Amino acid sequence: MKRNRIISWFLLAGLLFAGCKKYLDYQPQGAVAAPGLTSPTAVEGLSTAAYAGIANDWWDAPITSNWEWSSIRGGDSYKGGGGLNDQFQMDRYEQFYLVAPDNNGAGDFGFPGAWIRAYGAISRCNAALRALNAISDADFPNRKSRIGEMHFLRGHMFFFLKVMFNRIPWFDETLTDAQIALVPNTMSSDSLWYKIEDDFQTAVNDLPTTQAGEPGRANQLAAKAYLAKALLYHAYTQDNQYTVTGTDMAKLNQVVSLTNDVINSGMYSLQPDFAYNFLDGHDNGPESVFAIQYSINDGTQIGGRLSMSTSLNYFGGAPQYGCCAFHIPSQELVNAFSTDVNGLPKFDTYNNVALTDADLTTNGVNMDPRVDHTVGIQGHPFKYNAALPYDHSWERDNGDYGGFGTMKELQLATCACFKKLGPFYGTSVNMDVIRYADVLLMQAEAQIQLGNLNAALTLINQVRARAAAISPLVKNTDGSNPSNYKIDIYKPGVNIVWDQPTAFKALQWERRMEFAMESPRFFDLVRWGIAEPTLNTFFATEKLRHSFLANAHFTHGRDEYFPIPQEQIVFTNGLYTQNPGY
Amino acid sequence: MRKLQILLPMLLLALFSLAQQKIITGKVISKTNGEALVGVSVQAKRNTVTTDAEGKFSISAAVGEILNFSFVGMTPLKVKITSSTSNLNLVLEESNIDLNQVVVTGYKSEKKVDLTGAVSVVNLNDIKNNPVSSPMLALQGQVPGLYIQTDGSPTGANGAPPVIIIRGVNNLNGLGNLNSPLYVIDGVPTIQYQDFANINTNSIASIQVLKDASASSIYGSRAANGVIIVTTKDGGSSAAEKVHLQFSSLATWQTEKPWQEPVLSSTQRGEALWRAAVNDGSDPNTISTSSIYQYQWNNDYTNPVLNNVIVAPYVGGDSLEPSASTNWQNALFKTAFITSNDLAISAGNKTSGLLIDLGYYNNNGLMQFTYYQRFNARINAHTTAFNGKFRFGENMQLARTSQVNSTTDVGGDAVGDLALTLAPTIPLYKTDGTYGGPVGPGYSDRNNPVDMQYLNRWNTNNLFMAYGNVFAEIDIVKDLVFRTSLGFDYSEGLVKLIKQIGDEGPVNSFNSMLEQETKEFTFTWTNTLTYNKVFGKSKLNVLLGLEQVKDDYSTFGAANTNFAIQDVNYFQLSSGSGAQTVNGSATGYRLLSQFGKVFYSYGDRYLASVTVRRDGSSRFGTNNPYGIFPAFTLGWRINNEDFFKNVTAVSNLKLRAGVGTVGNQQIGNLAAYTLYYANYGTSNPAYPLWLNTGTAYDLQGVNTGTLPSGFVQTQLGNPNLKWESTTETNIGVDYGFLNEKIFGSFDWYNRNTSNILIQPPVPGAVGEGQLQWVNGASKNTKGWEFVLGYRNRTPGGLSYGITTNASHWVDKITALPEDVRAAYPGDPNHSIIGHSQFSIFGYKEIGIFQNQQQVNAAPSQPGAGPGRLQYADLNGDGKVDVNDQTWLGTTLPTLEYGIRIELNYKNFDFSVFGSGVAGKTGFDPVKYMNSFIDTRNNYGPGVLNGWTVQKPTSTPALSILNLNNENRTSNFFYVNASYFKIRSVQLGYNLPATMAKSIKMEGLRIYVAGDNVLAFKNKDFESKDPERANSFALWPVPTGFTIGINANL
């Protein structure tokens, strides 16, 4: 009995004091604790994750495609979907109505979500840069290139934030996370552009001219093109009311110089067929300077890292799709494709009448051929498939949004690149961030502002000439053209007076036609300082065609940028200053 | 010889007395299980006997005397002897008020009279014979301070645990299962609700709810949300070596029909849309629903007259899909049929006991293509050795549940919602027999809910659980007992997720299958030493203990796509021909605790106890793994004082007071670490798709195949984390009057929780994976609860009882870091501090603008106009904007109450139970559906009564544009959600013992019952059932009818 007692007490005492600390030491499984990320493999992994970061979005708050931010707000398109209440926040964006920092508590993840996703991508770049700064070139031979790439990706995301929100907190990898939380958004617009340009300049300095076997990575020419893009935006100086007060010649000269490097490199060219830019099988082609890489059947959960930012944009009534019919080309955009007897844009009269199905036929009004790459029109080949003509029955809400369908970001349901995920759709076709046509037109724009009208003419005509080469892919089954194509290059003294105002107007028009529905439109209008007149003119006529636009109105000095999300102001204890007007 | 001299006259006297007396014989059985009761004290005027092993007794008594029958745990019974009395067959009822009841409260048992904390002992009779899948669901409203919120699904929350909270919510984790109480089943602690839910009620010996910190602090770290202690039967208390069979069976039919909400027919919906378009000034024939509805009307926007609504003959122009007027509630729901069978076999003698309990529960689903099925078994055994000095045994519960739950449509809307909101023009079936769907212009992208359930019908959730312990007790020396218990809790879940190619609308273009397995093993080793000693009038109990908990959790999943044949038998992982993926992960935690308790009582009057527990948890990293949780209580049994002896009306009076501290560790297992994960994109199939946080990227531009992948930060560590702790003061009184005819208790408490574990939102600029757990906030909860009962028996033999309980609590946040406040209701001018975390913050609606003059005279409000809701300009700045919001109430009730009435007459018993809540503000989805309209959904008939110039009503004018933003949070549809429900009515009949015997049974009871028969609510709340208030995504709570038997062999 006595022995039992002694044993028990020893047992208890032993349990009390032995090995407590070790027993409670539970280590993470399948994870890497922060200090462990120093090996070359880990550093490479962090930079790969940063690439994934710029593509990690969803249709609710895209950071890849700007259709929600720039296309439906730039007059190129309507929101679409199943009525005004379907994704009502986009209706508010489109009509510039009731857009509030907190969206009136309506639970909108739209622009607040884009803020979070863009900064999420930036944090991945900074995490990679911290690791890259700590490792030696000897241990990690790709170090210099990766540093350049991370600066490129960070510049890319800050550029997005800049055109979305204007006044944003900027920081780099030298700040700790705790310090980042204390960075206000008081940096001037001018300084922000310099910071973004610095990132691209570092990328230019550090990047190799090519990334052999890895076209998904940024290279030096992509960095030059993006730097030119940032400089072009920066060159239009804006006051606090977003009124353009002038153009910065030095920056425009840099744009010319940088774009020349890209053009003269011989590495890029226009796709022979405009269609290839929007078709599977042509990813990372000669025109693609930098693109978001998508993939399919890659072992990920939903069957691929697919282009989900545009996944709402398939047609509601088409049996092969079934949902959701967002991003509908506007009547005004379709009208803008019409050309005059010379095959040039009808700059002043294009919108006098609304083109109907009857106008858009082989023998109808003169049209820029790019319309059939961009807009689904009744009876015209859909997505280069003559056997499958676009049909009004595919439209989901033909009461509010009927007439046309979007096409560039869509793929045929039969494409191997296509996947249907319930009501949503994705493809593995890349999304170009900068394609070569953009490089040409960026330089053209700079040359016009610099007064070099002839240089600009050559560039614009290069783009128009490609458009004029009618694609064999857009023929009807009988070989005829679906629309009555009529397009020509600008011939000063022959079909146009090529003075500065006309050249600029032609440039603006060319950008719209070339990139219609690819969503640079609203950002272009704000850059040029013409968003207010352009959009209110658009609403004035368009509301007569679509009554849902009755309340739409653009307010200059406010609507050029989204509000800073209220939640971000609250999370920083009021550190951020709200944009004017909100 | 001397003795004989004394005895002899006594014997004579006795014989003399007997001449006036008669012998009464009889048998006493338990009402609960019909078993013979051994050792019941039968007291006559002059003598006392006890019942034998068969429950029989024989006693002499005179006519006119009263026999008193009493037994521990049973309500005493008095029977008057009449000239005709000879054989008495009596049934004793279990009592929840018996003062000598022994209850388990923390590693040891104590008498209920000695309790000093706030402990509720559940009356098991009240929760039996209930057609629910878990004893927890039957406890709703029965225990003051225990709040349970469920829906009508078989498990109470569509496969998930129902909301179970004790005395409100202590921390800021909301109503989820992070506030789940700690269950201690046969001494083994667990926070797994399923371990409790899968116990057959028939095998439960007792349930105690420890509510205050002084009572629960012995369980330390995980006791912050209260403790529910369950002890199961062991079959061994009986002295008779007899095998008992106890069989219970019931059948229930459930219907949701009485709770269906009216919605518009196809034509009515068209009429509402017409009115809305006309109000908006839009042409009703060109709005987005114009492909469904065309109108003949007078085209006069000032005096509109609708002549005819023309419904398009086909949905989406598909000749196979003619337009209908479907009531989706009728299509989605059906009558559920539930059967529950439970057979318990027990045997035992003085040294050993065995209980085998087998159960089968089947609910074939209130919703189409759902079911819930459970097999369970319990095997408890114990025996002794060395003259009873060494006792050992085991308790084991095995359960397998299988269920198909309700699902969502492909876009994520719950089918329950769709049953109300899907357009009625869509037919359930097309003419070719396939499911109808919303294809075509004018329709939303939501799916046919019945089709969704059909496609979901093979998606079973299977769970296998084994739970229990093996224990040994040794009497080391007299009064000193060592006990060791190895507890185990194993669960294995297998979820099958088959996505099929569907007939209808936007569903997948390919099929896929995922099998996801989860395994969790928790091992608990508890060692205690107890010392019980009585010195004169003093009683001393000492407890010392050690406990180690080791929990490991892992997941494994595999998926495949492209199955050539869509058949349940074909869906096996190897049969798919597409891309295969696998996933897997592991996590776990460790706890190490030491504890002790000293209880001292003097003269059965003064009671005191001290508890200390020290807990270490792996979740808090290395800096602060330990927390110390002390408690101190005092009790005073006033009725045992000499000066109180004469107050006969008071049969029990005890004052209790206690202060205690308990801890909480409900954070992620690895919250202390900063972690990076490789997230290729397969890691968590349950992850919302839109939370796109992958690390893989197609750098090579090859479009397919295995991608390069990296690492991303997923959380920010905090090595300084420490225990969240709750300190609570409880003052209570237990009372009984008139020999316990009136009984009950009252408790008041005040609890403060500090160092609450929160995860503050971070500025987006900081980036991904920066959320961090910190000890940040404080909360206060105050409340009271009482039980008050009365029971009596009329001379005519009718016994009756009424028991009421109520509990009230108010919680408020007392400290909250500035940067976290945005995650809670309120704004910079209205801080949540001082308010409940369940507060609703929004606008005050003050009526409908009747004309433009009123609009002009009112503070400016964007979107205002005649027929539109007016909101109050609360800050008086002349405009209605975000700064005009205020507190509108709380979603958690502040008062819960229950009432039970029981009647017993001869062989019949009858009971009614009702419970309700008050002080709750809730979203009223029916008010919303009756007031607002859009082009996607269907609405309630109330919209036909929308405001117009011609007919000004109190319903807002219909509008599709909603320029006044009327779906903003306001008291227009956040209204008083108080309710009272008659939850059950039961009528039972006990076969007379002689008849039972003739069919070789010891007892047989048959009963019929009705569940959820009636609800009372505030008239502001338009939904029929406020309990299902906030969302139709929850299952309706059905009305049920049950017949059942309880048999004892």
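**Exercise 1. Decide whether Lys906(B) is buried or exposed, and say where it sits.**

*Solution.* Start with the number: Lys906(B) has a relative accessible area of 67%. The cut-off for exposed is over 50%, so Lys906(B) counts as exposed. Keep in mind that this is a predicted model. Next, find the place: Lys906(B) is in the loop between β42 (895–905) and β43 (908–918) of chain B. Now check the backbone. Most residues other than glycine have a negative phi. Lys906(B) has a phi near 50 degrees, a positive value in a residue other than glycine.

**Exercise 2. Go through the steps of Exercise 1 for Lys1000(B).**

*Solution.* Relative accessibility comes to 71% for Lys1000(B), so this residue counts as exposed. You'll find Lys1000(B) in the loop between α11 (993–998) and β47 (1003–1017) of chain B. Its phi is near 60 degrees, again a positive value in a residue other than glycine.

**Exercise 3. Describe the contact between chain B and chain A.**

*Solution.* Step one is to count residues: chain B brings 104 and chain A brings 108. Step two is the area. The size of an interface is often given as the accessible area lost when the parts come together. Here about 8600 Å² is buried between chain B and chain A, with carbon and sulfur atoms giving 60% of that. Step three is to look at the pairs across the interface: there are 29 residue pairs in polar contact, both residues being at pLDDT 80 or more. Step four is to ask which elements of chain B take part. Those giving two or more residues to the side that touches chain A include β24 (461–477), β25 (480–499) and β32 (675–677) of chain B. The largest share, 9 residues, comes from β28(B). Finally, sort the residues on that side of chain B: 49 are nonpolar, 44 polar and 11 charged.

**Exercise 4. Find how strand β1 of chain A and β32(B) pair.**

*Solution.* Strand β1 (residues 32–33) of chain A runs antiparallel to β32(B), and the two pair over 2 bridges. To spot this in the structure, look for Ala33(A), which stands opposite Leu675(B) in β32(B).

**Exercise 5. Work out what the salt bridge of Asp86(A) and Arg936(B) joins.**

*Solution.* Side chains of opposite charge can pair when their charged atoms come close. First, the distance: the closest N and O atoms of Asp86(A) and Arg936(B) are 3.1 Å apart. The cut-off is 4 Å, and this pair forms a salt bridge. Next, the places: Asp86(A) lies in the loop between β2 and α5 (88–95) of chain A, and Arg936(B) in the loop between α10 (925–929) and β45 (974–976) of chain B, so the pair joins two chains. Across the whole interface, the rule finds 2 salt bridges.

**Exercise 6. Trace the salt bridge of Asp76(A) and Arg512(A) within chain A.**

*Solution.* The closest N and O atoms of Asp76(A) and Arg512(A) are 2.8 Å apart. Asp76(A) is in the loop between α4 (67–71) and β2 (77–80), while Arg512(A) is in helix α17 (residues 500–515). They are 436 residues apart, so the pair links distant parts of the chain. For accessibility, Asp76(A) counts as buried at 1%, and Arg512(A) is buried at 6%.

Definitions and conventions: Residues numbered from 1 in each chain as written. Chains lettered and ligands numbered in written order. Predicted model: local features only at pLDDT ≥ 70, side-chain atom pairs only at ≥ 80, totals over all residues. Heavy atoms only, no water. Contact = heavy atoms within 4.5 Å. Buried area = accessible area lost by both parts, 1.4 Å probe. Salt bridge = Lys/Arg side-chain N within 4 Å of Asp/Glu carboxyl O. Polar contact = N/O pair within 3.5 Å; in protein donor to acceptor, adjacent residues only side chain to side chain. Helix = DSSP H or I, 4+ residues; strand = E, 2+ residues; numbered from the N terminus. Nonpolar A, V, L, I, M, F, W, Y, C, P; charged D, E, K, R; others polar. Pairing = 2+ DSSP bridges. Buried < 20%, exposed > 50% of the residue type's maximum accessible area, 1.4 Å probe, protein only.
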